[in-house]
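Please read the numbered points alongside the sequence and the coordinates.

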Amino acid sequence: MAEYEFIEIFGDNLRDALCDANISQNELSRRTGIVKQTISSYMNKKSMPSLRNVINISIVLGCEISDLVPVYEKII
């Protein structure tokens, strides 16, 4: 899987998880400590999150990491 494909899937999954949890980007930012612009860049498929941010987002949203991150052998 290419990095851009990972970014696209993560952005879509994050949008769905936020909707399911009924949490805004602002609230996610406040509760994770991730700058709102960074969260926006994930949702707009502009950047790839760090592992730390993926973990913190999944904790706040009450979802599994695998709900956010596509599971493949490697990112090329």
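1. Angles between axes of 65 to 115 degrees count as roughly perpendicular. In this predicted model, the axes of H2 and H4 cross at roughly 115° and come within 10 Å. H2 and H4 are therefore roughly perpendicular to each other.

2. The crossing of H2 and H4 is right-handed. By class, the contact between these helices comprises four nonpolar, two polar and one charged residues. On the H2 side, Leu 28, Arg 31 and Thr 32 take part, and they meet Asn 56, Ile 57, Val 60 and Leu 61 of H4.

3. Helix H2 spans residues 25–32, and its buried residues are Leu 28, Ser 29 and Thr 32. These lie on the same side of H2, because they cover an arc of only 100° around the axis.

4. The packing partners of the buried H2 residues are helix H1 (3–21), helix H3 (36–43) and helix H4 (51–61).

5. Ser 29, found in helix H2, deserves a separate remark. Its relative accessibility is 15%, and since buried means under 20%, Ser 29 counts as buried. When residues up to four places away in sequence are not counted, Ser 29 touches Ile 34, Val 35, Lys 36 and Ile 39.

Terms used
Residues are numbered from 1 along each chain as its sequence is written. This is a predicted model: local features need pLDDT of at least 70, side-chain atom pairs count only at pLDDT 80 or more; totals for chains, interfaces and linings use all residues. Side-chain values use heavy atoms; hydrogens and water are left out. Buried means under 20% relative accessible area, exposed over 50%, partly exposed in between (1.4 Å probe, protein chains only). Helices (H or I, at least four residues) and strands (E, at least two) are DSSP runs, numbered from the N terminus. The arc is that of the directions from the helix axis to the C-beta atoms. Contact means heavy atoms within 4.5 Å. Axes are lines fitted to C-alpha atoms, for helices over the stretch in contact, and angles run from 0 to 180 degrees between N-to-C directions. Angles under 35 degrees count as roughly parallel, over 145 as roughly antiparallel, 65 to 115 as roughly perpendicular and the rest as oblique. A crossing is left-handed if the near helix is turned anticlockwise from the far one by less than a right angle, and right-handed if clockwise. Ala, Val, Leu, Ile, Met, Phe, Trp, Tyr, Cys and Pro count as nonpolar, Asp, Glu, Lys and Arg as charged, and the others, Gly among them, as polar.
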